[in-house]
Amino acid sequence: MRPEDVPRTAAGPLQPLAEPYPVGCTFATPAMSWAPGQPAYAGLPITGPRGYIWSRVRALPPRHSAHQPLGPEQDTNPPLSPWRLHTASLAFSILSRDAFLNRFPLVEAAGSAYDMGYAHGAQAAPLIERYLGHIEKTTGRNRTALGAGALTYVPRINALSPAYLEEVRGLADGAGLSFEEAMICQVRGAAPLPMAPSIDGCTAFAITGQGTVAGRTYAGQNQDLGPEFSDFGIVLHLVPNDGRPRVVTFTFAGQLGYMGMNEHGVAHFSNGLGNAPWQPGLTHYPLKRRCFELRNVAECVDLLRRYRTSSAGNMVFCDGAGAIADVEIRPHGIAVYDDEHPCRRLHTNHYVTAEFAPHEDGNTPDSAPRLDRLRALVAASWGDITLERLKQILADHEGDPGAICRHGAGGSYSIAGYIADPSAGVLHVRRGLGCSGTWTEYIV
Ligand SMILES: [Zn+2]
């Protein structure tokens with residue numbers, strides 16, 4: 001890949017790309033001639049710079065929710081309207097550009113909470129639809145039932161931050177969905193009905209100080225999931241205008257946040273943990289997003305102490321001041337894991353804290369040997385760890401197919417990888433396996 005092919009998002013206002021989008025000419029049309037009532041193919045500025053397209057998106061009116069009752073004077077968006085074709089074509093152009101370059105689609109969203117949700121929804125609408133279809137298929141429930149379940153989380157999310165619900169409203173309008181449908185993306189398969197949590201893989205780390213070259217701080221992970229999750233992964237760049245920090249997060253289309261880093265260098269990554277019956281509480285996703293609004297690791301750990309979740313998981317943190325932490329989370333509370341060296345936190349998919357180890361039921365048999373292998377690789381490079389060395393570690397195959405670079409054990413694969421480099425303000429995101437995927441860097 002040539003250096004000029006690497007997308008780098010600039011801080012502050014969105015910057016136009018230096019070159020036109022490399023998209024198929026089928027959708028490349030003359031700019032600035034589209035207007036309501038005209039055929040959509042008459043004026044889609046796909047080959048324009050990013051900021052140019054963005055300004056056009058914002059200038060267009062939001063679609064009405066498909067589930068809201070509309071009066072005759074309001075029903076301006078029939079299913080095959082030029083607007084619908086326009087947004088579908090625009091989203092297709094953005095999504096196909098990134099798939100062509102083997103990177104996750106980059107969705108840029110700026111402004112108020114509603115504006116950011118709207119931009120996210122408008123740009124990622126086809127992927128959100130695909131994600132919702134996947135949730136329906138894997139839970140065996142239709143959208144009405146899922147939406148009713150998702151609404152039960154509204155009070156808890158509102159207590160965490162009312163801005164998230166405003167962002168979900170914008171998301172719904174931008175993607176042409178109901179609020180309930182947009183809420184499903186925030187809770188994925190979780191519902192008020194008890195259900196077995198999905199056990200995802202993942203190998204995560206945070207290393208600083210004595211472990212790295214020049215004492216730099218790094219945190220990251222391999223993201224192990226079913227291969228279909230790669231189809232709706234996106235990189236979401238958030239630039240709020242209300243004083244909250246900028247964020248780059250890998251997430252799934254329609255989900256407000258997942259793994260990533262904010263402008264203060266606060267980054268977090270996670271591992272699935274099991275053997276925790278569902279209980280009323282928050283899903284992990286809004287809490288992960290909330291951590292991106294904090295200034296350091298200590299504030300993140302404090303946040304996790306104060307909120308209850310409905311399932312278990314582990315989170316690994318770092319921040320711009322070089323602090324690192326690891327927190328095991330269960331519905332009834334958390335346990336902080338300090339590892340055996342203050343400059344290192346390594347975690348896979350089993351409980352390692354004294355408090356929670358008794359809950360371990362061995363549901364991911366490769367987890368303990370995978371952690372042993374990670375420890376050995378980190379120890380072998382201790383004091384000499386660099387970004388490139390970490391990428392190599394995430395490509396390790398000892399224990400295949402349940403290795404650090406996972407190739408199908410338990411049905412999951414390392415579909416993505418992330419490494420946060422807080423001192424550079426860069427999040428590195430890999431699309432694909434550790435051994436063959438493509439890394440792209442994103443400036444927060
Ligand atoms: Zn591999």
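**Exercise 1. Give the strand order of the open six-stranded sheet and explain what happens at its edges.**

Step 1. The order is β11-β2-β3-β12-β13-β14, with antiparallel pairing. Strands are DSSP runs of E, at least two residues, and helices are runs of H or I, at least four, numbered from the N terminus. Two strands pair if DSSP finds at least two bridges between them.

Step 2. β11 (344-347) and β14 (438-443) each have a single partner strand, so one side of each lacks a neighbour in the sheet.

Step 3. Ignoring direction, neighbouring strands are turned by 10° against each other on average. Axes are lines fitted to C-alpha atoms, for helices over the stretch in contact; angles run from 0 to 180 degrees between N-to-C directions.

This is a predicted model: local features need pLDDT of at least 70, side-chain atom pairs count only at pLDDT 80 or more, and totals for chains, interfaces and linings use all residues. Residues are numbered from 1 along each chain as its sequence is written.

**Exercise 2. Find the helix that packs on this sheet.**

Step 1. Helix α10 (residues 367-380) touches β2 (203-207) and β11. Contact requires C-beta atoms, placed from the backbone, within 7 Å.

Step 2. The direction of α10 makes about 150° with that of β11.

**Exercise 3. Is α8 mostly covered or uncovered, and what covers its buried residues?**

Step 1. Eight of the eight residues of α8 (residues 284-291) are buried, leaving the helix mostly covered. Buried means 20 or more other C-beta atoms within 10 Å of the residue's own, placed from the backbone.

Step 2. The cover includes α5 (154-160), α6 (162-175), α7 (179-187), β7 (267-272), α9 (297-306) and β8 (313-318).

Conventions. A residue is buried if 20 or more other C-beta atoms lie within 10 Å of its own, exposed if 12 or fewer, and partly exposed in between; C-beta atoms are placed from the backbone. Two residues are in contact if their C-beta atoms, placed from the backbone, lie within 7 Å.
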